[in-house]
Structure formats: structure tokens, C-alpha cells
Amino acid sequence: MSFADFMLRVQSVDTRIIRVLVFLAILIPLVNPLPVPMVVTDAPRTLYDFIEQLPPGSVMLVDTNISAAYRPTLYGTAEAVFSHAMRRGLRVVLTSFAPEGPMFNEQMIESVAVPAGKVYGVDYVHLGYRAGGEGAVAEVLRDFHGAYDTDFHGNRVADIPIMQDVRTARDVSLVVIHSAGGYAGGGWVRQAVDPYGLPLAVSVTGVMAPSHYPYTDAGQIIALLSDMKSGAEYETLIQRPGVSLAGMGAQTFAHILIILLIFLSNVSYFANRGRRAKK
Amino acid sequence: MIYPDKYLSLFTLLAFCAIIYYQIRSQQQGAPLPWMRPISGLSAIDEAVGRATEMGRPIHFSPGVGGIVDEEAGQVLAGLQYLGYLAEQAGKYDIPLIATMRNPIVYTMAEDIAKEGFARAGAPEKYTPETVRFLSDAQMAYAAGVLGIFKREKPAANVMIGAWYAETMMLAEAATNAGAISIGGTARLFQIPYLVVTCDYVLIGEEIFAGGAYLAKDRVQLGSLRGQDICKAICAVVLAAGIVLVTVGATGLRDFIAQYGR
Amino acid sequence: MISESLGIWMAGLLSIAIFSYLLGDNPVFKLAEHMFVGAGAGHAITMGFGNIRDVGWIPMVRDGRITIIVAMVAGLLLYSRFVRGYSWLARWGVAVMVGIGTGVLLRGLPAAQILAQIRATMIPLNSIDNLIIILGTLGGISFFMFTFKGNAATHNLGLLGRLAMMVCFGAAFGNAVFQRTGQAAGAIQNMLKVFGIE
Amino acid sequence: MATKTMPSAILAIVATVMILDNFLNIPVLGSLSSEIRIWGVIIAAFALGLASINLARFHVVRVARQTTDWPYSVACLIAMAAFGLGGIAAGPGNDYYRFYFANFFSPMAVATMGMTIFFIATAAFRAVTIRSLEAGVLLAAALVVMLGNIPLGDAISPHIPDAAEWIRRIPNMAGQRGILITSAIGSIAFGLRVLIGLERTQFGAGAG
């Protein structure tokens, strides 16, 4: 059997075998996370340094606008940044302007704040979901106590210790948003940066990132994180491997496999080119 | 009364419409037919019909998952004109046609268009309630439904021209895996690459709108196409002028567009 | 009855059922697919009903917004297709919808897709990067000329435009691999939860 | 007469109001166009019902005729009834409804979406070859961007992520703009033909 014939055989392999290979390439790194060496780029570094220089007790406001389909893309970043803020002794106010968001806030509390022994209402609070998109953002920033009667668990906001110091946007030192769609960074620039001059960091999907370039170029967003890659870099910075690094392992394997498939397909194509021309 | 920052947009709209309308009129009044660059994706539609006839297997058609009340409406409507053509061919050559729909309003339109197409071929009885199928309003449920149809009804050809979203790659490749030839087309930028990689033939961007002129060869469409080309030439000339001006440091034209073209 | 573990099991098993398509059509996928399509349609009915009630019926009856009657009638007329001889009435509602779409595209595209893109390309010819953007854009326009024969220069320009498009498609394909792997990882994580792996 | 003229007239009036509202600062146009959008929401909701009838009829017929795979049609109808009737009775905010939406419906959507990468892989194996200069350019751009997205690219050469970023910002832009400008013109021409009644696909050519 000639090489060309062999390649033809390879290329006519059952597509199911390729699918199984892809499945394994993604599955194995998720089950057995491997250390993926990440090179930390500017955006995660900037946010990291910003949080590092904030005095303990400063208030960080978080908007978690993640939906189930974008969990692998954005959740890792959210958890890493929250974990860093907790470690630095910042006080964190969790909000959401998307109905599915609170679920992820609760998950962050469960896996970061609770094990770290942080106290609910003192070190952090979860205010829950407000409908109304960008308009609701504006309202909350103007008057937290007016926009939220109770927190996510039904406690009166007026009775929560941390909220005694958080009344308007002026009491916030940093805003971090995680957005899988909707008004995203633009909305927060209009509502938090333009009127109040708050520092804003944005984490979005890879598809949404380019539409935020104008804001980063203009300095309105201090750090633009995109996709699980930024999350993996942040996890590297805080030395706390999480879902993003596991995801990047899957990414690496899947990419190598697909590049290999493209390579094989081209070898086969060129090995058989003469033959095809004869036909 | 006119928003000042929209002067230029309104002018552009009116000027382009006037040019296109004028060209349509002059074609209707018998102006010489313009030369036309061939579009390979379009001749492929007849190839698809031929293949389905030979194999006695169905053709699958979809105008994509986009809606009818936003800027993509044009792409969906343009896609539906291929459904009309396919229904006519299906009636003529007795091929089963399966058209799947995601948007309910598009579905009601597609039913009319398909019925009409079969009627034009003189075979209205070949249209059945199973020809145009509404699958689901939910994008991924729609996609899963189409995957099932590919496996079970094994179409000989898959024509997917319209407003496509994230399911593009999956459907085009699944059709190929199921043994169909695929003809794709969309003007949704981020979906074109998937079609280019997987489909046998592709209509890129404006080609989906031009297709009607090629298929029907009617003078309205030809005139329109001529008018569109003139509009494109104007854009190119204005763009070139702007580049020259900006290069020599005169930003007036660019600022003018920025100020009045919102 | 609503328990977290029930949710995890349901989500995981259904994800596996959908993925089973990758090994070929099979009864498990068929069942999941049919339930998925049915659930999607059912959810749409729920949402549609809510819209008719909240956007139509309540404002009309409670707030006395009589103009809404127009839409309610046009919506009901869609069902005239089931009445022999009156099916043409269904087109009135469709006409409103197509009218909205046509209006939106005609009013939006000149500014958003033509003027904005032209303005963004009006950049000085002072770097290789800018030259690439300019030639690629003009080339793209030239490629989409259907009825002008042009000359060698425009032909070559069109070819350049096509090459630029291919780079654009290649980049999008490359990014898609990243994005889609992430989504697959999400689905696989749903499956892993069944086995207690997070 | 009324079968064709009325829809065309309605279409033209609605479209004209939408267009004028965008350009003219006349309050009555603004309220009219937002009213029309509300009509759109309501009509679309009625259309959903119509489309669901089509789906239900399709599967009821299969069950009645006991065609191959008819039991699956039963499953489809049950799911449809559960989500449709349950949702209407309890409302989409109901805890049970949300539970089943989040754990029954959403995971299948995530899984279906998640299958795409497998089709990308088979397409890569089957069709991404250097058949021509154009295909080669596409492949090269794809490879650089793919490598730039993973740490491996950086390990091979720190220039690869930079090159990927350059491709995204420069030639990618160049390729997009031509498509955006020309397809907008094609779309406008199509819209114009629909508006003035020269394009009849929307109601079925020559129907009525």
C-alpha cells in the first residue's frame, strides 16, 4: 500500500472516531486539570495591581451577568477576582442585572467566601437581581438603599452592616462586571464612569471584546478581560487554579488535536493530488 | 424637524433608493440587459435539484433563524425567494421538499410561498402540511430538530440561505455528514466562515440578495442589481476621496460624515 | 420534590442524551430531541401567552388603550388560514411585521453599515496597516460588483478584497475553535456533575 | 383587490412610519412607531400559537397514523403540553417552571450548542485544505489565531499572540468592511422593492 493509499484510508476514517477523540481531548483535562503555563497579559495584571493597591475595607461592586451557557467562559474570572478581593480584605457588594446572575453569585460565595471564613453582611453582601438593564444600574448607583429594600436572602438592606457605608456610587472604589451580553461595558461606562468617575473593570466573552476596544482606548475601562483565557491568567496571578485553568487545559488539547487534523487532511490532499488530476 | 445629526443618513437612503428605483424603471422600459458576473453558488441550486431528482431524496431548505422585525429582515426575506424557486422545481420534478422554520411569522410566510411555488409548477397537490415545518422558537431546539431530520430523512441537498446564527457550522457539517450537498448563504458576517469551510457552494454577503436576479432574470431584479452596483461605485469613490483628503491632512469630509451620518 | 440532585441528574443525563447524536442517530437522542423541541415550543407558548396578556390584554382592558385592538385583531386574523376562503386575511398581520422589519432595515443600515464603515476607513495612507485596510475594503466593494465588467485593475483589486475576506474568515474560524471548545466544556461539566466531578 | 392591495398598503404605511420616526423629530411619529412595535410583539405572540399548532398537528398525525417513530412524537407532545399548559397555568416565574427550565430545557440547549466543536473538527479534517491560494490564506490565518489563543502559541514564539492580534485588528477589519457595506446596499435595495411592492415573496408571488 502506497503512502497516498494509506492517507486515503486515514481520511475515510469513521467521523465518529474523530468525535470521540475531540470528546476525550476536552474531557480528560477537565477531570484531571493539568498545570497550563499561562503568560499573564496586561489586562489581568492591571486589575490585579489595582486591587493590590486598594486599602483593605474599600468597597468593590460586582455585577454578575452570566447565563448558564457562558459559565465556562466567564465564571472562572468572576470567582478568581472575588477570591482576590476577599483575600485583600476588600468589602464586596454582589449584584446582578440578569435573572440568572444571582445563581453564580451564590456559587462564588459558597466556594470562596464561606471556606475563607468571611462574614456575610460585614465582609460581603449579595443584593440579588434587579430588572431593567441599564436603567436599573443607574438607579442602584444613585441610591443603593432606594433600589434595594432587601438583599437576596430577604434581609433588610438598612440592617446590613456593610450597607451603612454603601449608599451611593461615591462609596464604591472599584466596579467589576462580568457580562455575557446586553448593555455590558458600554452601559456601565455611561452610568458609572461618565457621571461618577468610578474605576471599571470588564470581563466579557471573546466575541464581545472587540466592541469594548473604544472604551479601553479612551481609558474609560481600566482592564478588559476576555473569555476564559483572562480568567486562567488571573488564576495564575493569585495562584489559585480554578475552572478557567482547567478549561485552558481542554482548550490546549482541543486546539492541538484540530491543528493535527488539519495537518493530516492536507498531507492526504497533497499525497493524492496527482491522482485526482488524472481522474 | 429632521434630526441634524441624521441629515446625511437620510440623504444616503433617499439617494440610493432613487438610483435603484431609476434603474429598475429603465430596465422595465426595455433598457439593454446588463452583463452579469456568474455566481457559482447559484448554478449549484439547479445542481441540487438535479441531484435530488436522481436520488429520489428530499431537499432541505431553511431561511435561517433570524427574525423579521430587525435589520436582518432583508436576509430572511431574500432567503425565502429561494424557497419559492425550490418549491417550483420540486413541483416540476416531483421532489419532496422539507422547509424548516424557527420564526413563527417567517413560518406563516413560508407556507404561502411554498404553496405558491408548487402551484406555479402546476402541482399544488404535492404541497403537504409536512412540507413547511415549524420546529421551535428556541434556537438550539430548532437546531436539534434539524439534526434529527438530516439523519432520518437523508436529504440529497441542503439549501440554507438567510440569517444564520451560532448553529450554522453544526447544521452545514451535519448535512454533509448525512450525505447531502450543501449550499449556504448569509450576510451575517461571523457565520460566513463556517459556510465557506463546510458547504459545497456559498453565497457571500450581498450575493444572497442578488440571487433573485439570476434565478428569475426578471427586469425588476436586474435593474435593482444595476442600481446597487452604482451605489457601491459611489461609496468607493467617496471613500477614495476621503482617504486622499485625510492623507493630506484635510479631515473635513470624514468629520462631516461623523457629524451628520448618525 | 425540587432538589438540587434531581436537577443535576436531569441536566447531566439529558446532556449525555443530546451528545449521543455524535455516535449516530439512536433512540436516546431521538427521545431527547423530541422532548427538547416540544419543551421549546411549550416555552414559546408560555412566553407568547404572557406577552398577549401583559402587552395586549391588560393594557387594553384595564388601561383602556384601545389602539391595541388593532394588533389583537391582526393577531387573531393570522388564524384565518384555517377558514377556507378567508385565508388571505392572515396577510394583514404578516404585513405589519414585514413592514416593521423593512422599516427598521431601511432606517438603520445607511448609518450603521454604510456611513460608519466608510468613515472608519477614511484613514491616512501612511502605514502598511492602513494600506491593507484601505485596499481590502475597496477590494471587497469591487468584488461585489455584479454588472460592471471592469478592467484588470479592478479585477486585481477584487482579488485582493477576496483575500482580505479569507483572512477575516480564517480568523473567525480560529476564534470559533476557542469559543466552541469552551461551550463543549460547559456541556461536559454538566455531565461530570452527575459523577460528582466539578 | 383587498387580498393584495391591503397588505401592501399596510406594509408600506408601517415601514414609512418606522423610517420617518428615525429621521424626523415629530413626537406623534415617535409614539406611533412605539405603538407599532407593541403591535409587533402581540402579533408575533399570536403567530407563535399558530406555529405551535403546526408542530402539534405534525406530531398528532404521526401518532394517529402510527408511522415509524411515533412514540417519540408522543414524547414531544407531552413536553409541549407540560411546558405550554404548565407555563400558562403557573406562570414562567413559578419555582417548578423555573426548575424545569433550568435543569431540563437549558442543559439540552447548552449541550446542543456544545456539539458544534465536534463538527468543526470533522470539517477541519475533511475540508480545510490548501486547495487554492484563497483556501491557503484562510488556513494560515486560522492557524495563527488558533495558536495565539492558547499558551502553546506563546511557548513556540512570543510573536504568535501578537500576530494573532494583528490579524484580528488589521486584515480582518479590511475583509469585514467590504462585506458590510455591500450587503447593506443589497439589503436596502431588497427593502425598497418590498416597500414599493415590486418584491412579492413576502405574500407568496402572485398569491390571492
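Author: Start with C:R91, which forms a salt bridge with B:D112, their closest N and O atoms being 3.9 Å apart. A salt bridge here is a side-chain nitrogen of Lys or Arg within 4 Å of a carboxyl oxygen of Asp or Glu. This is a predicted model, in which local features need pLDDT of at least 70 and side-chain atom pairs count only at pLDDT 80 or more, while totals for chains, interfaces and linings use all residues. Residues are numbered from 1 along each chain as its sequence is written, chains are lettered from A and ligands numbered from 1 in the order in which they are written, and side-chain values use heavy atoms, with hydrogens and water left out.

Reader: Where do C:R91 and B:D112 lie?

Author: C:R91 is in helix 4 (residues 90-121) of chain C and B:D112 in helix 4 (residues 104-120) of chain B, so the pair joins two chains. Helices (H or I, at least four residues) and strands (E, at least two) are DSSP runs, numbered from the N terminus.

Reader: Is C:R91 buried or exposed?

Author: C:R91 counts as buried, at 9% relative accessibility. B:D112 is buried too, at 17%. Buried means under 20% relative accessible area, exposed over 50%, and partly exposed in between (1.4 Å probe, protein chains only).

Reader: How many salt bridges cross between chain B and chain C?

Author: The rule finds 5 across that interface. One of the pairs between these chains is B:R152 with C:D25, at 2.8 Å from N to O.

Reader: Which part of chain B gives the largest share of the side touching chain C?

Author: Helix 9 (residues 219-247) of chain B does, with 14 residues. That side of chain B divides into 42 nonpolar, 10 polar and 15 charged residues. Ala, Val, Leu, Ile, Met, Phe, Trp, Tyr, Cys and Pro count as nonpolar, Asp, Glu, Lys and Arg as charged, and the others, Gly among them, as polar.

Reader: New topic: what does B:K232 pair with?

Author: The side chain of B:K232 meets that of B:E206 in a salt bridge of 2.7 Å, N to O. B:K232 lies in helix 9 of chain B and B:E206 in the loop between strand 6 (201-204) and helix 8, so the pair ties together parts that are 26 residues apart in sequence. B:K232 counts as buried at 0% relative accessibility, and B:E206 is also at 0%.
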